[in-house]
Amino acid sequence: MTDFQDLYGSAPTVVADAPGRVNLIGEHTDYNGGFVLPTAIPQRTTVALTPRRDRAVHVASANTGEPPALREYLIGMENPIHDWIDYVQGITWTLRTAGQRIRGFDAWISSDVPLGSGLSSSAALEVALLRALRAAFDLELDDLALARLGQTAENDFVGAHVGIMDQMAASLADEHTALFLDTRSMAYQRVPLPADLDLIVLNSGVAHDHASGDYNTRRAECERACELLGVRQLRDLGITDLPRTDALPEPLNRRVRHIITENQRVLDAVSAMQVGDLPHLGQLFYASHASMRDDYQISVMEIDMIVELARREPDIYGARLTGGGFGGAVVMLAHKGSGYNVGQRIAQAYAATSGRTPALLVPAKP
Ligand code: GLA
């Protein structure tokens, strides 16, 4: 396997990393000013980097085939080409636009966060690169600023109109707590994961692509609903508004119903976690999944299949699609100690029926 030393002939001066995330609950609520509850997964993206004296950026990734292709561009000449390099270009473009002084660099990226799996491989890359550049060029940026810069790169350069959840999780979450974030005020609280719980993350093997349009369409539908309802953001609505929002034309009524009920489910999930009520937490997961499947319409047959297989397992409290949707991964809650075995069993049953190649990402083999 190639590494930084093979490619550039010396050791990197900076190495930084950032985790992927799994969102426990609160899907598509972030760009509506609502609540989210992600936690970090063990899979991480690492950026090794040495600053250069000129404006040239040289970058290669361990995840784009062997031998890795070395890509180049000049700081100040960033230009989107609809390729992974856009995430790197997007970060240097955003830093420059924000008035940060950076030069070129040689970089090597490696990641075990699966791409297109709803586990935020892009935010992990953005935040890992920002951390490396912060260290290399002594940039005065706190962790919240890193998250915002990552989102700007994705919104304004890559063209994916994502919310702030993934970058916040990559920058601030850890594996032992869930990051309960109010995306309107940006206030956050770390809620400990119940000790008697195993988290399962199963990648369906069906990849999604955010920039492909479905995600941006959902966002546009929410904005249209706000116009019709005369509110600034869907966050401004609560359960008591449902009779009014149900009168919106299809599918806007459904989209709004998902956001309103999902925000409430995040609040309920935090309470359930705090008192250790795992059966209730599990019910909220299943209800969230049904809402994404029927109202927000972002699930796919394969993901629904995994959730149905989970229902048959007595050791599972709840399961739901996680991330942007249209493929990706399922997050499940299981009795402590049962996660690996039950996760493998579901993966095998799913593989046999769907013909897909799933991957059990969490928990690790005991
Ligand atoms: C993607 C986006 C996030 C969020 C989720 C859905 O991961 O990057 O901002 O909207 O989808 O909850």
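Between domain 1 and domain 2 the count is 0 salt bridges. This is a predicted model. The domain assignment of the protein chain gives domain 1 as 2-18 + 42-161 and domain 2 as 196-362. Their contact draws 10 residues from domain 1 and 15 residues from domain 2. The domain centres, taken over C-alpha atoms, lie 30 Å apart.

What does the interface hold, then? Start with area. The two domains bury about 1,000 Å² between them, and 56% of that is on carbon and sulfur atoms. On the side of domain 1 that touches domain 2 there are 4 nonpolar residues, 6 polar ones and no charged ones. A salt bridge needs a side-chain nitrogen of Lys or Arg within 4 Å of a carboxyl oxygen of Asp or Glu. Polar contacts do occur here: 5 residue pairs, both partners at pLDDT 80 or more, link domain 1 and domain 2.

Now take the whole model. The count of salt bridges comes to 27. One of them pairs arginine 96 with glutamate 78, with 2.8 Å between the closest N and O atoms. The partners are 18 residues apart, and the pair links distant parts of the chain. Arginine 96 sits in helix 2 (residues 85-97), while glutamate 78 belongs to the loop between strand 5 (71-74) and helix 2.

The peptide bond leading from glutamate 250 into proline 251 is cis, with omega near -5°. Just after helix 8, glycine 276 takes a positive phi of about 70°.

Most residues other than glycine have a negative phi, and most peptide bonds are trans. Where else does the backbone depart from this? Histidine 28 has a positive phi of about 65°, although it is not a glycine. Histidine 28 lies in the loop between strand 1 (14-23) and strand 2 (35-36). Another cis peptide bond runs from valine 362 to proline 363, with omega near 0°. Proline 363 is in the segment after strand 12 (359-362).

Technical notes:
Residues numbered from 1 in each chain as written. Heavy atoms only, no water. Helix = DSSP H or I, 4+ residues; strand = E, 2+ residues; numbered from the N terminus. Domains from an automatic or database assignment. Contact = heavy atoms within 4.5 Å. Buried area = accessible area lost by both parts, 1.4 Å probe. Polar contact = N/O pair within 3.5 Å; in protein donor to acceptor, adjacent residues only side chain to side chain. Nonpolar A, V, L, I, M, F, W, Y, C, P; charged D, E, K, R; others polar.
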